[in-house]
Amino acid sequence: TISGLGNEAITLTDTTLAASVLNTLDGNTTGVVNAGTVTTLTGLGEDINNAYAANTAGTISGLANEAITITDLTIDGSVLNAVDANTSGVVNASAVTTLSGALADINTAYSANGSGTISGLGDEIISFSDTSAAASVLNTADGNTSGLVNATNLVTITGATADVNTVYASSGFSNLGNEDVTISDTSVAASVLSTLDGNTTGTVNANTLNTITGTAAEVLVAY
């Protein structure tokens with residue numbers, strides 16, 4: 001056994017370190033943990049963000065440009081984006097199989113993957129939490145992954161009729177078919193409107209429409 005420890009400054013020599021270990025060290029002393037030699041941090045997104053929060057608070061020092069290897073299989077988009085913001089290094093998210101959270105956060109993560117500050121994304125299942133979403137945002141999420149986009153929480157879809165129909169036509173979504181739809185068009189073809197009506201058992205709110213085009217038969221079907 002050792003006694004008398006608790007307020008020491010710690011200078012690490014590791015180049016690769018698990019964030020959970022770094023956080024444990026930080027909790028063991030009131031002194032500053034110098035992590036300046038660390039070039040790669042590994043672990044869960046929450047643990048990594050906690051280490052960077054401690055770096056900001058001053059109980060850990062030397063962090064800012066590390067490569068990150070995420071070990072989460074499922075991670076919230078907001079957590080992944082926070083990791084990305086905490087370092088100028090690349091965040092390797094190849095272990096992730098499911099992205100959860102708000103669509104805006106999920107799409108932001110994929111945008112960072114496109115720009116190279118996050119790597120390893122492209123085939124994840126997306127399980128988003130939004131109950132209302134713009135069709136254009138849904139289509140962006142669908143285009144970001146070859147995995148399924150789980151829309152089980154979705155109650156309302158908004159946007160241009162063409163965009164909404166694109167959502168329903170895609171094989172990339174699951175659990176669609178009973179959403180209320182609020183369209184934003186002021187003019188739409190009756191056939192397109194009827195297609196939309198057939199895509200959902202929910203109500204299609206067409207209050208913004210001023211003009212419906214098409215044959216008399218198509219317009220009658222829409223009504």
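On a 1 Å grid over the protein atoms alone, a pocket is an open set of points where a 1.4 Å probe fits, with protein on both sides within 12 Å along at least five of seven lines; lining residues have an atom within 4 Å of a point. A volume is the space filled by probe spheres set on the points, which are joined across faces, edges and corners.

This model is predicted, so local features need pLDDT of at least 70 and side-chain atom pairs pLDDT 80 or more, while totals for chains, interfaces and linings use all residues. Residues are numbered from 1 along each chain as its sequence is written, and side-chain values use heavy atoms, leaving out hydrogens and water.

Here, the largest pocket comes out at about 180 Å³. Helix 7 (190-199) gives the largest share of its lining, three residues.

Now for two helix pairs. Axes are lines fitted to C-alpha atoms, for helices over the stretch in contact, with angles from 0 to 180 degrees between N-to-C directions.

| Pair | Angle | Axis distance |
|---|---|---|
| Helix 1 (residues 19-28) and helix 2 | about 40° | 8 Å |
| Helix 2 (residues 45-57) and helix 3 (residues 77-86) | roughly 40° | within 9 Å |

Key: Helix = DSSP H or I, 4+ residues; strand = E, 2+ residues; numbered from the N terminus.
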